[in-house]
Amino acid sequence: MKKTLITVVMTILGVIVYILLGWTIIIPVLVTKFILEFFFTRRVTQTIICDDNKFYPGLTEDPRYFQSKDHKLYGAFFTHEGHKPFKGVMIVSHGIGCSHLNYLQVIDYFTRKDYLVFAFDMTGCCKSEGDKGMEGLQRSIIDLRSAILFVANQPEAQGLDLFVFGHSWSGYASACVLNDDEVCSKVKAVATLSGFNNPWSIMKDQGIKKVGSIVKLARPFAHIYGKLKFGNIVNYKGIKGINHYKGPVFVAHSTDDKTVEYRYSIERLKDKCTNPLAEFHTEEGLGHTLYRPVESEKAIDAARKGKEPLALGNVNVFQWFMDDRYRFSKREDVFGLNEKYLDKVEDFFERSRGVIC
């Protein structure tokens, strides 16, 4: 009788331990693995609607390759015929699910404003190395840091101020990279548009949409994964980088942004900013791509409305988001340019040239 009771008790304890382990370790680990592999292990190739240099007469591209930790990345210096001497060097850093080819209208704009522009593809994107995909949201910080230090040491950049323009994924990276002292010593001013402050908030939001609230269990394990893979960079936040930096920063976000919701933005944290040279711009009705005309946004939404979703297949999920939204649109809408808005950003850079910090 005694042995039977002990057996029953041990069995019950074993079941309890198994359940606790399952819900506190096993299931969260599996959820974390699923999320990370789903979002980051597939390479980003060229998007369905892509831009091309041929649409920008006078724009020239001088390819360069540079090292970013374990990967060689593709980059290029862009210039515009008849636009010299240069005001400075502008690094244009792309968003997630695409490459520098999706920012040629921005690149062309800054070359026409007399900047020497450098643009590149992140790890796992388009022309850059990275068979295992983008690896994680924090990889953009590593790659942008490498690009900044590479450009700062190029002969073309000597004697010129160095500026950074980052949008979306790179809006996050361009603020977070300012936590790095070496980067701060090289950069004159930064514009971060539509950037999120904290990677987990975006992962949680997208994960909940795909697999439900169980995603919340993955947070500590996602942090551990990030810590092992990226080190202290996993602790970087956009607003902390802006506060650490002593130079000018332009921060902008639209309240109707559906890609990076305003509640996740760096801009909404303006009350926590201690950098007196930071400018915060709360925009209304400009969507995620602040520098795209509102008319183009409406045309894109109208062209997509009522259409069946594109099959994901083996495509990177972030690239799929772009392809699914834009595949019915005209190129001139996808790459439409609101020059008036970019003039506002360029005015910030122009004013920054005279700032001593």
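Start with α10: this helix gives the lining of the largest pocket its largest share, seven residues. Helices here are DSSP runs of H or I, at least four residues, numbered from the N terminus.

A word on the source. This is a predicted model, where local features need pLDDT of at least 70, side-chain atom pairs count only at pLDDT 80 or more, and totals for chains, interfaces and linings use all residues. Residues are numbered from 1 along each chain as its sequence is written, and side-chain values use heavy atoms, without hydrogens and water.

Now the pocket. The largest one holds about 1100 Å³ of space. A pocket is an open set of points on a 1 Å grid where a 1.4 Å probe fits, with protein on both sides within 12 Å along at least five of seven lines; lining residues have an atom within 4 Å of a point. Volume is the space filled by probe spheres set on the points. The lining counts 40 residues, with K258, T259, H288, R325 and Y326 nearest the centre. α6 (199-211), α9 (294-304) and α10 (317-326) each supply at least two.

How do α9 and α10 meet? Their axes, lines fitted to C-alpha atoms over the stretch in contact, come within 8 Å and cross at roughly 85 degrees. So α9 is roughly perpendicular to α10, a label for angles of 65 to 115 degrees. E297, I300, D301 and R304 of α9 contact D324, R325 and Y326 of α10. Contact means heavy atoms within 4.5 Å.

Last, α4, residues 169-176. Eight of its eight residues are buried, meaning under 20% relative accessible area with a 1.4 Å probe, protein chains only. W169 and Y172 are among them.

Notes: Axes are lines fitted to C-alpha atoms, for helices over the stretch in contact, and angles run from 0 to 180 degrees between N-to-C directions. Angles under 35 degrees count as roughly parallel, over 145 as roughly antiparallel, 65 to 115 as roughly perpendicular and the rest as oblique. Buried means under 20% relative accessible area, exposed over 50%, partly exposed in between (1.4 Å probe, protein chains only).
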